[in-house]
Amino acid sequence: MRWLVFFGVFISLHAQNKQLLYGFTEVPQQILLNPGAQVDYRGYIGVPLLSHIHFNAGSTGFSAFDVFADDGKDFNQKIRDVVYKLDSKDFFGFNQQLDIFSVGLSVKKSYEKTFFISFGMYQESDIFSYYPKDYAILAYEGNYNNLNKRFDLGQLNVSAEVLSVFHVGVNKKINSKWTLGLRGKVYSSIAQASSTDNTGSFITVPGTNNNLNHIFDLDMKLQTSGVSFLEDPSANKGLDILKKRLLFGGNLGVGIDVGFTHQPSPEWTVDASLQDVGFINYSKDVKNYILDGYLQYDGVQSVFPQVTSGQTAQDYWDEVEDDFEELFKIDSTTTSYTKWRPIKLNSSVSYNFGRKVDKECNCLSKSDTTFQNRVGAHLFAMKRPNHLQWALSAFYYRKIVKGLQLKTSYTVDAYSFKNVGLGASAALGSVQFYVMADNLLSYQNLAKSQSVSLQLGFNYIFKNNEN
Amino acid sequence: MKTRSFFKKHISLLFVLGACFSCIKDTDFEQSDTLVITPIMEVNLVEVQETADSFLDASEAEVLMISDLIVLDIFSSNFINDNLIKTELVFEVTNSLNKAFQIKMDFYDPSNVLQYSFFIDIDNSLTNTPLVTNHTEVFEAMSLAALKSSTQLDISIILVSSSTGSVLTADSIGNINLTSKGIFYFELKE
């Protein structure tokens, strides 16, 4: 059996879309994006903790440069511009993945029937938040000059999670046209917090007699699980809990990835995959906070006690204080809850061309006779709480010489309309090396970019002597 | 040709070097130190609605004044203390009683020491038509510090004799209404 052993260092600052890696057959990590991808090798082992390190951070609507440019403009004016430019559909995202281990190997049942099994474990963190514009405006301006403006408190939509994922995938080339794949996943959530199901408003309206009427309508919810260890000052205990939860001691869930590659003709390839069709049930260490109330406040009535016995203005004031305390009283529960994983879709259509032909017929030649070029389109979509995050790429893949492949992509997504990426996989002797970089046009100044990506890896290939 | 193949072989290296030399430039992240947010909150305060009855004692004779006391612990909170830079208290008084008044606002600290005081003169309405008096009291610097150290507000409505005003009886027509709001200017800094 021929083994490829990968010593990979894979660093990226990247949108969750991995358009360069998707379909890059020379890089084994691509099988995590499509369990039904074409596999051209007999096996791989990822070096523990080094085979896949991934960071992604992005924001729509503005870049760090918009705010922090050293351009002599007033900083507060720049912040103000951003606060007003963004809307409640804009979002901020952070995602990080770390492969703990990964292994792939082909299993031969008979001469014809070969399966490719891959399994491993990775840790993932995800933070996602929409821009709560009305909160920002309220904090920025207050309610003065905003009479009759309804501040939508439902715009608060934020979630954060740290989890580990154990996965086993099977990939089978059915015939020359079809390759199918399925990956099962067990999620173990280490900690989770989300507030995604909020409604409510705050509005100040002119009342009668030049009065103001402040109307609070609150229906807010924060769900958390696994965060109680944060209250424990002992760092060692926290670490122990983390280790335990990493290994299936957290809140558990299950999910699958499915995918296929179809080649109706040698020139054409159509492939697609769905990742993370699954859910996690949160029942351990759950704490939910609920803020639910309605209040109209139109001032304190002063009643002069000298002439009307009984209630004084102080009583009214106390009553108002009680009303506000009741309004902002936070109830907590420990009811378990279930959340769907953010489902992701990848799909591409590509056309292969330019088969290499030797000028002289030489049956003993080991030269590569496969197609040298591939051009295609790739679609990525991901389910977010209020919308589908999407990206559309056009790509060109080229085998330059044996052992050196290039892929370039142009991507349009919510972050940018001018995202050019370039990836290369090169074998120099026994060492395989690859690098993938996204948003190249921004590389001269990363601060101008709304999202950035860089992936690189070193692979060491062991070849059998018989080859 | 040799040069070209050299380039091909080392194209990956160029990527890495490019990535290493990519940078964040022309930026100044310390600008955030200058961030100032200045929200202005407008909040309804005290409301008063009194008829002539309110100013009469058990024998239906005019009293000198009526007063009420409100404990205001909100001004002594840390958030207000640190971030409030200006306050305006805006009053609108509508008087249709044929009686002149002086509305007096006294702010006391927890030891009952007077910190700040102001008054609003209200004319009598000879024909019982509503007379509107507007008054805005601005608190800045010293007066704001006095407001922040106050925990009690004493509101007094003092009856004032005027040449055209009448003596109130249970049958006097009209009323005196006061509405008020506070406009609070905050300055939030890092």
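## Exercises on a predicted model

Leu440(A) touches Val420(A), Gly421(A) and Leu422(A), when residues up to four places away in sequence are set aside. The model in which these contacts are found is a predicted one.

**Exercise 1. Work out where Leu440(A) sits in chain A, and decide whether it is buried, partly exposed or exposed.**

Solution. Begin with the secondary structure: Leu440(A) belongs to the loop between β22 (431-438) and β23 (453-461) of chain A. Next, consider the distance to a residue elsewhere in the chain: Lys418(A) is 22 residues away along the chain, and the two C-alpha atoms are separated by 9.3 Å. Finally, turn to accessibility: buried means under 20% and exposed means over 50%, and because Leu440(A) has a relative accessibility of 28%, this residue counts as partly exposed.

**Exercise 2. List the buried residues of helix α2 (residues 75-85) of chain A, and find how they are arranged around the axis and what covers them.**

Solution. The buried residues of this helix are Phe75(A), Asn76(A), Lys78(A), Ile79(A), Val82(A) and Val83(A). They cover an arc of only 160° around the axis, and therefore they lie on the same side of α2(A).

**Exercise 3. Identify the residues that make the nonpolar surface patch of about 670 Å², and describe the place of Leu252(A).**

Solution. The patch is made by Val186(A), Leu247(A), Phe248(A), Leu252(A), Val254(A), Phe279(A) and Trp340(A). The elements that contribute two or more residues to it are α4 (235-249) and β11 (251-262) of chain A. Leu252(A) lies in strand β11 of chain A, and with a relative accessible area of 40% this residue is partly exposed.

**Exercise 4. Describe chain A as a whole, and state which stretches have a pLDDT below 50.**

Solution. The secondary structure of chain A comprises five helices and 23 strands, and 50% of its 467 residues count as buried. Among contacts with a separation of 6 or more, 69% join residues 24 or more positions apart. As for confidence, the pLDDT of chain A averages 81, and 81% of the residues score at least 70. Residues 1-15 of chain A have a pLDDT below 50, although this stretch has 87 contacts in the model beyond near neighbours in sequence. Residues 463-467 of chain A are also below 50, and this stretch has four such contacts.

How values were computed
Residues numbered from 1 in each chain as written. Chains lettered and ligands numbered in written order. Predicted model: local features only at pLDDT ≥ 70, side-chain atom pairs only at ≥ 80, totals over all residues. Heavy atoms only, no water. Helix = DSSP H or I, 4+ residues; strand = E, 2+ residues; numbered from the N terminus. Buried < 20%, exposed > 50% of the residue type's maximum accessible area, 1.4 Å probe, protein only. Contact = heavy atoms within 4.5 Å. Arc of directions from axis to C-beta. Patch = residues over 30% accessible without salt bridge, like charges linked within 9 Å, V, L, I, M, F, W, Y side chains within 5 Å. Areas by Shrake-Rupley, 256 points an atom, 1.4 Å probe, with all protein chains shown as cover. Salt bridge = Lys/Arg side-chain N within 4 Å of Asp/Glu carboxyl O. pLDDT = per-residue confidence, 0-100.
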